[in-house]
Structures are given as C-alpha cells and as structure tokens.
Amino acid sequence: MASAARTFTRAMRTPVTSSMKRTATFVPQTTFRQQARRGFADSAKPNGGSNTAVIGGVVALLAGVGAYYGFGQYERATADKIARGDGIFTPKQEDYQKVYDAIAKALVEKDDYDDGSYGPVLLRLGWHASGTYDAATGTGGSNGATMRFPPEGDHGANAGLQAARDFLEPIKEQFPWISYSDLWTLAACCAIQEMQGPKIPWRPGRQDRDVSYCTPDGRLPDASKEQKHLRAIFGRMGFNDQEIVALSGAHALGRCHTDRSGFEGPWTFSPTTLTNDYYKLLMEEKWAYRKWDGPKQFQDVATKSLMMLPTDMVLIKDKVFKQYVEKYAKDNDAFFADFQKVLVRLFELGVPFTTSEDSRMTFKSPE
Ligand code: HEM
C-alpha cells in the first residue's frame with residue numbers, strides 16, 4: 001500500500017479577512033485599454049460570458065451607483081479613478097493580488113462542490129485553455145479565452161468546464177479590467193497554491209479574442225490512448241517526456257465524472273490537496289481493469305475506490321516515462337519544482353507578452 005493515506009481529505013484554508021495586506025512590487029505593462037480591446041459586441045455570444053467586458057460596460061459598472069455602493073473601498077477607488085478620467089487604469093501587482101484574494105475567498109466559501117472545492121476544476125480550465133497550443137502555427141493557447149464560445153466550449157474534452165467558468169464570473173464582474181484569459185490562468189495558479197501546491201509565477205498580458213480564434217476539436221489528449229498519442233499531443237505544444245510526466249501529477253487532484261468524460265472516480269485519497277501521491281499510488285498499488293459498463297479504466301485492487309485512466313497507466317508502462325514517475329514518487333520537492341516550471345510554461349504558451357520573464361509575480365495566500 002502506498003504511503004498515501006487511505007481516507008479522503010479536504011483542503012482547508014482560513015477565510016480571507018479585511019486585514020489582508022497588499023504587495024506592490026511590480027507594475028505590468030498591460031493596460032485596461034489593451035485588455036478591453038475586444039469585447040463580445042463583435043462576436044458570437046459566449047457561453048457563460050458576461051457583457052461587462054466591453055469598456056463602456058466596465059465604466060458604467062464601476063462608476064455606477066450600484067458599483068459605488070455595492071463594492072468595497074478598493075473597487076470604489078478604482079471606479080472613481082476611471083470616472084475622473086485619470087487616464088488609463090494600469091493594474092499593478094496589488095490589483096492582481098486582490099483578484100487572487102477574491103478567488104481564494106470564493107474557493108473557501110463555495111465548498112458545496114465535488115470533494116468540497118472548485119480548485120481541481122479551475123486548474124482543469126486553465127489547462128484546457130492553454131493545452132490547445134500548436135507550436136507549428138502559433139495558434140491556440142491561453143491567450144483569447146476562446147472556450148467561452150460554443151464551438152470550443154462544446155468540444156467533448158471541455159465537458160464540465162462551464163462550472164469553472166461560472167465560478168469565475170462574479171470575480172470577472174468585480175474586476176472587469178482583467179481579461180478572461182488572464183483570469184482563467186490566474187485562477188488556476190491560485191487553485192494550485194490554495195490546494196497546498198507550489199506557487200506558480202504568473203504574469204498578465206493575455207487578451208480576449210473573438211469566436212474566429214476558436215481552435216479545432218482534437219487538440220487536447222484522449223484518455224483512452226497510449227504513449228504515441230501523448231507524445232504527439234504534448235510534443236505539438238513543445239513538451240518533452242519529463243514534462244509530460246510532471247504535468248500529469250495534476251491528477252493527484254479532482255476526479256472523473258461519468259456525465260463529463262464518461263470515466264469515474266478520483267486518482268488519490270486527497271483530491272483537493274496537491275501531493276506526489278499520484279506517482280506513489282501508480283508505483284505502489286496494484287491496478288486492474290475495472291469491471292463495469294463504462295469506458296476502459298483502471299481500479300486499485302486494494303480498495304476499489306481509486307482510478308487511473310489508460311493514459312495514466314502508460315506512464316508506468318513506458319520505460320522512459322516510468323523513470324520520472326519513480327523520481328517524483330520518491331521526492332515531492334522534485335515534483336513540486338518541476339511542476340512549477342512546467343505550469344509556468346503551459347500557461348504562457350502562445351501569449352504575446354510585452355513584458356519580460358522577470359516581471360512574473362507570485363501571490364500571498366490569504367492568512
Ligand atoms: C496527460 C493527458 C491528460 C488526459 C488524457 C487527461 C484526461 C482527464 C480526464 C478524462 C479527466 C476527467 C474529466 C471529468 O470527467 O470531469 C481529467 C480531469 C482532470 N485533469 Fe486531466 N488529463 C490529462 C492531463 C492533465 C494535465 C496536464 C492537467 C493539469 C496540469 C490535468 C488536470 C486535471 C484535473 C485537475 C482534473 C480534475 C477535474 C475535476 O475534478 O473536475 N490533466 N483529466
């Protein structure tokens with residue numbers, strides 16, 4: 001039996017308080033005007049999106065009576081600044097920290113979901129937004145947030161991600177200056193950190209795009225396939241074998257749903273806390289095909305309560321992949337270090353940043 005505990009656990013954090021401090025060390029180049037450049041007015045209606053992304057709506061919302069009285073001191077100050085016409089609102093690190101805090105607070109408050117946290121599905125949203133990248137054509141990736149639109153939002157691989165987009169909609173309304181594409185990746189970083197994972201350095205600069213930028217179906221991995229498929233899909237994004245294995249450690253979190261992918265169950269006993277248990281369980285448990293009517297998946301022989309996808313099992317079938325599984329199973333620090341590096345890359349694929357890598361920020365967790 002793996003040392004991973006055999007009881008399900010939930011990640012817990014203290015709720016955010018008004019005494020949270022701001023950290024102001026970096027002024028990003030991304031401006032309010034850049035981020036609001038394309039609204040929904042010139043495109044198909046997004047699924048789950050809001051009309052507040054257009055600049056007129058933003059100013060009306062922020063400067064309006066409802067916003068003035070409905071928001072806190074910070075939002076009122078921002079609304080006043082925009083209403084006075086003080087020029088372009090340029091968000092600073094302290095502004096992004098506010099967004100981070102709001103997401104972290106919502107993660108604590110909205111705990112009536114799956115295993116008690118939206119964290120895993122937020123991470124999946126950030127990954128599926130980014131994992132459409134094609135290095136050869138420079139298309140896809142997190143820039144654009146094109147999953148808001150039906151062609152991409154309806155792709156089979158994205159089933160269930162509406163829950164994550166809906167979770168973030170009130171945050172987008174509270175901070176209308178942030179693009180959906182920045183918000184989704186920031187939320188994924190926040191989810192990882194709040195689920196006890198490493199801090200993922202992040203920088204803004206993604207701009208929302210219209211429906212014409214939706215990527216074709218088939219760019220995300222198919223869980224029923226083997227190593228050739230994994231190498232083709234992740235190779236297309238520019239990732240090597242070690243990075244494929246490090247990325248897959250995200251399956252320590254969350255679960256499969258029969259009404260989404262058709263698969264069922266969690267990979268670990270602590271699906272809302274990031275650990276290297278995914279690798280430990282792969283190495284140490286006995287896995288057998290689950291006997292059921294659903295798609296081919298694996299089940300742990302000892303408790304029959306955990307699952308592995310065919311693509312997860314490939315990581316111990318393939319000798320090259322297996323070396324990295326062994327390494328991460330033995331060394332959580334090595335996993336966290338490599339997971340951090342590869343997630344930074346994943347969330348930045350295809351983004352035309354005007355800032356340098358030095359401008360990446362990390363965020364404080366609410367106390
Ligand atoms: C290696 C190829 C991958 C395949 C074939 C794959 C496949 C899947 C499938 C089938 C599900 C279940 C969806 C559902 O029924 O709700 C899932 C969930 C999930 N995946 Fe992956 N995935 C892969 C890689 C990744 C990567 C790279 C990440 C993040 C870095 C990731 C993060 C997650 C998370 C957090 C969940 C849980 C979502 C939830 O609880 O709602 N996956 N994945």
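Visitor: What share of contacts between residues at least 6 apart in sequence join residues at least 24 apart?
Guide: In this protein that share is 76%, where a contact means two C-beta atoms, placed from the backbone, within 7 Å. This is a predicted model, in which local features need pLDDT of at least 70 and side-chain atom pairs count only at pLDDT 80 or more, while totals for chains, interfaces and linings use all residues. Residues are numbered from 1 along each chain as its sequence is written.

Visitor: What is the mean pLDDT of the protein, and where does pLDDT stay under 50?
Guide: The mean is 85, and 77% of the residues reach 70 or more; pLDDT is the predictor's confidence in each residue, from 0 to 100. Over residues 10-70 the value stays under 50. Where pLDDT is low, the predicted coordinates should not be read in detail.

Visitor: What makes a residue count as buried?
Guide: It needs 20 or more other C-beta atoms within 10 Å of its own C-beta, placed from the backbone; 12 or fewer makes it exposed, and in between it is partly exposed. Of the 367 residues here, 46% count as buried.

Visitor: Why is a set of residues called a nonpolar core?
Guide: Because its members are buried Ala, Val, Leu, Ile, Met, Phe, Trp, Tyr and Cys residues joined through C-beta atoms within 7 Å. The largest one has 77 residues, and Leu122, Trp184 and Ala187 are among those with the most contacts inside it. Helix H9 (residues 180-194) gives this core its largest share, 10 residues; a helix is a DSSP run of H or I, at least four residues, numbered from the N terminus.

Note on methods
Helices (H or I, at least four residues) and strands (E, at least two) are DSSP runs, numbered from the N terminus.
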